[in-house]
Amino acid sequence: MIKVLIVDDHPLFAEGMKSMFKSGDGIEVVSQTINGHEIPSILDATEVDLILMDIDMPVIDGIATMELILSKGYDLPILMLTMHQSMKQIKRALEKGAQGYILKDAHKSELIEAITLTSQRKNYFHPKINNQIFDYFRGKRSVKSDMPELSEREKEIIQCLAKGQNSKAIANTLHISEHTVKTHRRNIMHKMNVKTSAELINTCLEKGII
């Protein structure tokens, strides 16, 4: 039996979800809340296998709630249940660690499949957003494949630049000469096809290097 915690600011919707599942479905709603701040205390008191959570909630939204859960050291699969089909919301949820994403107009069979898969740490995405998800991951792979190869030393220098250090400070931090730092910086700029440190840092952030 998969034990589910529902986090949604519409109590009637949550109650409807709770009554939807029968014993033969292998799913039991063991708790529900409208406030993400209550999740840690619920998890301490209740055995939960999966969190089924909306994104839009008034006290603390689903994205911030995922951050809270992680910060408290809990490691549970989270299935987002929402009306949102925007890639911006989907991307935010995925980047914060959501295991799956299903829309509120899903059929019961789709919801059961989504809960079953995500409880096993497998990904599930609603058919209506499958193409968007595919494009998102394809884009991430494309960015990664287009990324120039950087040495560990070059990555260290980029990280120092991102902290606002100049060449002299970087040299002291990495215990190398200032001349060596400047040489590395020129090589990095050439590899990344940028002309300024600010442009370099922004590009590295976009590509996930730092």
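Trainee: Which residues of E3 point one way, and which point the other way?

Mentor: This is a predicted model, and its strand E3 covers residues 50-53. In a regular strand the side chains alternate between the two faces of the sheet. In E3, every one of these side chains belongs to a buried residue: Ile51 and Met53 point one way, and the other way point Leu50 and Leu52.

Trainee: How many helices and how many strands does the protein have?

Mentor: The protein is a chain of 210 residues, and buried residues make up 40% of them. Among contacts between residues at least 6 apart in sequence, 60% join residues at least 24 apart. As for the elements themselves, the protein has 10 helices and 6 strands.

Trainee: What is the order of the strands in the open sheet?

Mentor: Strands of a sheet pair through backbone hydrogen bonds, either parallel or antiparallel. In this open sheet of 6 strands the pairing is parallel. Read across the sheet, the order is E2-E1-E3-E4-E5-E6.

Trainee: Why is one side of E2 and of E6 left without a neighbour in the sheet?

Mentor: Strand E2 spans residues 27-33 and strand E6 spans residues 124-125. Both stand at the edges of the sheet, so one side of each has no neighbour. The reason is that each has a single partner strand.

Trainee: Which strands does helix H1 touch?

Mentor: Helix H1 is formed by residues 11-20 and packs on the sheet. The direction of H1 makes about 165 degrees with that of E2. The strands that H1 touches are E1, E2, E3 and E4.

Trainee: In E3, which residue is the bridge partner of Leu5?

Mentor: Strand E1, residues 2-7, runs parallel to E3, and 4 bridges join the two. Leu5 has its bridge partner in E3, and that partner is Ile51.

Trainee: In E4, which residue is the bridge partner of Ile51?

Mentor: E3 and E4 pair in the parallel sense over 3 bridges. Within this pairing, Leu52 stands opposite Leu79. For Ile51, the bridge partner in E4 is Ile78.

Trainee: Through which helix does the chain cross from E3 to E4?

Mentor: The path from E3 to E4 is a β-α-β crossover, and this crossover is right-handed. The helix on that path consists of residues 62-71 and is H3.

Trainee: How many residues of E4 are buried?

Mentor: Ile78, Met80 and Thr82 point one way from E4, whereas Leu79 and Leu81 point the other way. The residues of both groups are buried. E4 is thus mostly covered, and the count of its buried residues is 5 of 5.

Trainee: In E5, which residue is the bridge partner of Leu81?

Mentor: Strand E5 comprises residues 100-103 and is joined to E4 by 4 bridges, with the two strands running parallel. The bridge partner of Leu81 in E5 is Ile102.

Trainee: Does Ile2 count as buried or exposed?

Mentor: Ile2 lies in strand E1. Leaving aside residues up to four places away in sequence, Ile2 touches several residues, including Gly26, Ile27, Asp49 and Ile115. The relative accessibility of Ile2 is 15%, under the 20% cut-off, so Ile2 counts as buried.

Trainee: What is the relative accessibility of Asn35?

Mentor: Asn35 is found in the loop between E2 and helix H2. Not counting residues up to four places away in sequence, Asn35 touches Val59 and Ile60. Asn35 counts as buried because its relative accessibility is 17%.

Trainee: Over the ring of which residue does the charged end of Lys104 sit?

Mentor: A search of the whole structure for aromatic pairs finds 0. The charged end of Lys104, however, sits over a ring, 4.5 Å from the centre, and that ring belongs to Phe13.

Trainee: Does His175 count as buried or exposed?

Mentor: His175 is found in the loop between helix H8 and helix H9. Phi of His175 is near 60 degrees, a positive value in a residue other than glycine. With a relative accessibility of 72%, His175 counts as exposed.

Note on methods
Residues numbered from 1 in each chain as written. Predicted model: local features only at pLDDT ≥ 70, side-chain atom pairs only at ≥ 80, totals over all residues. Heavy atoms only, no water. Pairing = 2+ DSSP bridges. Contact = heavy atoms within 4.5 Å. Axes fitted to C-alpha atoms, helices over the stretch in contact; angles between N-to-C directions. Buried < 20%, exposed > 50% of the residue type's maximum accessible area, 1.4 Å probe, protein only. Phe/Tyr/Trp six-rings, centres within 6.5 Å; stacked < 30°, edge-to-face > 60°. Lys NZ or Arg CZ within 6 Å of the ring centre and 35° of its normal. Right-handed = clockwise from strand over helix to strand, strands pointing away.
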